[in-house]
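Q: Could you take me through this model feature by feature, giving the criterion before the case?

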Amino acid sequence: MLGVLTLGIYSFLHKRLLRIELLKMELDKDITLIIQQGEGPLLEFKSTFRWDIEQSRTNRLLEGVVLKSLAGFLNSKHGGTLLIGVADNGEIIGLENDYQTLKKQNQDGFEQAIMTAIAANLGADLCSYMTILFHVIDTKAICRLIVSPSARPVFINQGNTPKLYVRTGGATRDLNIQEALEFALTRWHRIK
């Protein structure tokens with residue numbers, strides 16, 4: 001019995017230390033080099049959080065696009081990084097227009113808005129899987145969300161239908177019911 005308990009504690013601590021080490025490695029990376037590598041399985045760019053560039057107005061539906069990317073990283077085995085304020089081609093857009101859509105128009109208000117959206121749409125327990133940093137490049141602020149893999153499946157409700165999103169290459173896509181069940185069984189072995 002003591003051996004099983006010791007093994008359980010060791011396993012928990014090992015996973016925790018591994019997560020800390022991976023986060024430390026991610027934090028040590030240079031932001032300009034990250035952007036230069038371009039989007040891929042572990043990196044996604046979003047121009048804005050809720051500012052519609054084409055219509056020059058607030059569009060809360062854009063938050064859903066960010067949440068889908070976050071859910072895809074949470075559901076992956078490795079997590080990933082989401083940069084907000086960076087266009088798909090790597091151009092620095094900045095967060096200034098997004099700040100103007102907030103009650104508290106600064107980094108703190110932006111972080112609060114993102115965490116509130118995550119808690120309300122994905123689950124409050126998942127906020128602890130996010131590390132949020134801000135960087136300034138050419139006088140423009142960008143937001144860097146480092147996402148650790150979730151210990152449970154993460155769904156987003158669209159209408160009345162829950163959707164499971166996963167990263168496939170450099171994109172995030174939703175799975176149909178059969179695909180989601182098979183994915184969950186292989187990704188989270190504890191699910192029965």
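**Aromatic pairs, a helix face and a core residue**

A: The structure, a predicted model, holds four aromatic pairs, where rings of Phe, Tyr and Trp (its six-membered ring) pair if their centres lie within 6.5 Å, with planes under 30 degrees apart counted as stacked, over 60 as edge-to-face and the rest as tilted. One of them joins Y99 and F110 in an edge-to-face arrangement, 6.0 Å centre to centre with 75° between the planes. As this is a predicted model, local features need pLDDT of at least 70 and side-chain atom pairs count only at pLDDT 80 or more, while totals for chains, interfaces and linings use all residues. Residues are numbered from 1 along each chain as its sequence is written, and side-chain values use heavy atoms, with hydrogens and water left out.

Q: Which parts of the chain does the pair of Y99 and F110 link?

A: Helices (H or I, at least four residues) and strands (E, at least two) are DSSP runs, numbered from the N terminus. Y99 sits in helix α4 (residues 96-99) and F110 in helix α5 (residues 107-121), eleven residues apart, and the pair links these distant parts of the chain.

Q: How is F110 paired with F134?

A: F110 and F134 are also an edge-to-face pair, with 6.1 Å between centres and 75° between planes. Because F110 lies in helix α5 and F134 in strand β5 (residues 130-137), this pair ties together parts that are 24 residues apart in sequence. F49, Y99, F110 and F134 form one aromatic cluster.

Q: Are F110 and F134 buried or exposed?

A: Buried means under 20% relative accessible area, exposed over 50%, and partly exposed in between (1.4 Å probe, protein chains only). Both F110 and F134 are buried, and Y99, at a relative accessible area of 10%, is buried as well.

Q: Which residues of helix α6 are buried, and why do they line one face?

A: In helix α6 (residues 177-187) the buried residues are A180, A184 and R187. Seen down the axis, they fall within an arc of 75° (taken from the directions from the helix axis to the C-beta atoms), so they line one face of the helix. Q178 and L181 are exposed on the other side of α6.

Q: What is L83 in contact with, leaving aside its neighbours within four places in sequence?

A: Contact means heavy atoms within 4.5 Å. L83, found in strand β4 (residues 80-84), has a relative accessible area of 0%, and its contacts beyond those neighbours include I31, I34, L43, F45 and C143.
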